[in-house]
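Good morning, and thank you for making time for this item. Please keep the sequence and the structure in view while I speak.

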Amino acid sequence: MSLEKKVGAALFEVIDPELGINIMDLGLVYGIGVDTEDNVKIVMTLTTPGCPMHDSIKIGVKRRISQIEGVGDIDIDLVWEPAWSPAKMSDRAKERLGFA
Amino acid sequence: MLPGGNMQSNTNIKLPLAFILYALAALVISQFVLFANNDVLAMGQFRIPDIWMGAHFLLLGYAIMIAMGAMYQLVPVALLAPIWNQTFGFIQYIITAIGVTAFSIMLGVAPDKALYGGIIAIIGIIMFIVQMIITISRQEKKNMMTGFVLGAISCFFLTIAAGFMLAWNLSNGGISSHGTILSTHITLGVAGWFTLLIFGFSYKLVPMFSLSHGYSMKWAKPAFMTYIVGLAILISSFWLDAALIATIGWFVLMTGFFFFVLDIREILNKRIKKKLDKPFSFSLIAIFNGLGVHILAFIFSISGIQTTSVWGWLIFLYVMAWIIFSILGYLYKIVPFLWWTHKYSNKIGNEKVPTLKEMIDEKNSVILFTLFIISTAGLTVSGLLYINILVFIFQGLLAVTSLLYALSIIRVLTK
């Protein structure tokens, strides 16, 4: 499995504590990049700017990725554009929230 | 892409938690003081020292201390502005707690000396206002929430100024318009400070807890402007002693509240989270209670009802069913968040951590909130009908429910 896929799989284990749903199914992760030296860059957002869980989720992402063997530096780029929208959620997340 | 920037709150959780724990103790004390005086409550007598003590433990000790603690936590995340000086915040906490305790107790046991406790409380409150004004002034991009919070803080300042005059008059006398100042004090404190504050934070908390997107907030500005104008009209009616102006004031306040409800309705209609958490639903019920109380106040005013006990119980309903219920519901979200951040935020990604919902007992919360509704409604009806035994039972139920509620919140801190 490529490192990019391993990172993606690991992020399914980072749960938004307010919603109880992982950040991948919530559609919070916009991009996973891995360079030639196995440094990882994550471009992600949160459901709302000023989310009180801002720090916790960001730290959680970094910590979970750091547990993967062979990962170099980890850079989390938190962005607000494009803004998160419900359309970015997986069907599984929509179902959990009763939105489907 | 627009970078997120540094939006961390960095608030030491001990600061908001200290306020909240004091407030829970004050809630329980207030309800037991009122329970001990259920006989005078049953007679519709609110302006006696023991009731002042209970009311001030409830409003200053519980509601204001909770509001302060919540603001220390919410202002950084909602307005994206870090608290100016947290050490100053801890000093402010100690001074306010001493002042509020001394003031409330002295109102009950030695009203003529209440001024001294009041002065300490006022110093603490002014320190809080300074803290918040400096914090908010650092907010990069001002928005409608800033307006609500600043409006609330302005009303808060005027409330304590009026309160100081009342305490001064109790100690020294010489101010003839005591009743008018009292009405102004209650209106600014209850309707101005608390209502504007809850309006403002609801615009952040309701979308956040219901995961709502794509709402407009188009009524926020009209709600704010209308409510401020309503407050001004109602207060001027006290000084002019004009019933018609009071009725107009209540109408304008009701309209302002209605505008706010329109926005909340739109936010809820556009929510993604269809099944809302029970404590949060309780806070939403409080919003509709608030609208109901405003409608009742307008009807009573236009009908020329001037019975002191009727208005006394209406103020009680305004405080309990709108302000206190809002706070009771939100606290079930705020405290688990604070404790989760303290205990688990460094473990996320490393090990399985509980969700916020798993930190509370939602089933028990439903029982407690139901008991709050029953006891508040029962107390109001039995008070209005002067049925002593029912006032005794429902105030007793309210006191016990408050105790159980406080214990249920403290239990979160063991998770």
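Pro82(A) sits in the loop between β5 (74-78) and α3 (91-96) of chain A; helices (H or I, at least four residues) and strands (E, at least two) are DSSP runs, numbered from the N terminus. The peptide bond that leads from Glu81(A) to Pro82(A) is cis, with omega near -5 degrees.

Before I continue, some conventions. This is a predicted model, in which local features need pLDDT of at least 70 and side-chain atom pairs count only at pLDDT 80 or more, while totals for chains, interfaces and linings use all residues. Residues are numbered from 1 along each chain as its sequence is written, and chains are lettered from A and ligands numbered from 1 in the order in which they are written.

Let me stay with backbone geometry and turn to chain B. Which value does phi of Met217(B) take? Phi is near 60 degrees there, a positive value in a residue other than glycine. Met217(B) belongs to the loop between α7 and α8 (220-240) of chain B. Met217(B) is partly exposed, because 15 other C-beta atoms lie within 10 Å; the scale calls a residue buried if 20 or more other C-beta atoms lie within 10 Å of its own, exposed if 12 or fewer, and partly exposed in between, with C-beta atoms placed from the backbone.

Tyr386(B) also has a positive phi, of about 55 degrees, although it is not a glycine. The loop that holds Tyr386(B) runs between α12 (362-384) and α13 (388-412) of chain B. Tyr386(B) counts as exposed, because it has 12 C-beta neighbours inside 10 Å.

Next, the packing of helices. Two packed helices are described by the angle between their axes and the distance between the axes. Axes are lines fitted to C-alpha atoms, for helices over the stretch in contact, and angles run from 0 to 180 degrees between N-to-C directions. Angles under 35 degrees count as roughly parallel, over 145 as roughly antiparallel, 65 to 115 as roughly perpendicular and the rest as oblique.

The axes of α3(B) and α7(B) come within 12 Å and cross at roughly 30 degrees, so the two helices are roughly parallel to each other. The residues making this contact include Leu59(B) and Ala63(B) of α3(B) and Gly189(B) and Phe194(B) of α7(B). The residues of this contact divide into 8 nonpolar, 1 polar and 1 charged.

Helix α6 (residues 144-172) of chain B packs against α7(B) at an angle of about 155 degrees, with the axes 8 Å apart. The pair α6(B) and α7(B) is therefore roughly antiparallel. Their contact has 19 nonpolar, 10 polar and 1 charged residues.

For α3(B) and helix α4 (residues 86-109) of chain B, the axes come within 7 Å and cross at roughly 165 degrees. That makes α3(B) roughly antiparallel to α4(B).

Finally, the interior. A nonpolar core is a set of buried Ala, Val, Leu, Ile, Met, Phe, Trp, Tyr and Cys residues joined through C-beta atoms within 7 Å. The largest such core has 164 residues, and those touching the most other members are Phe19(B), Ala23(B), Ala63(B), Met65(B) and Ile66(B). The largest share of this core, 22 residues, comes from α11(B). Leaving aside neighbours within four places in sequence, the contacts of Phe19(B) include Met65(B), Ile66(B) and Tyr93(B).

Notes:
Contact = placed C-beta atoms within 7 Å. Nonpolar A, V, L, I, M, F, W, Y, C, P; charged D, E, K, R; others polar.
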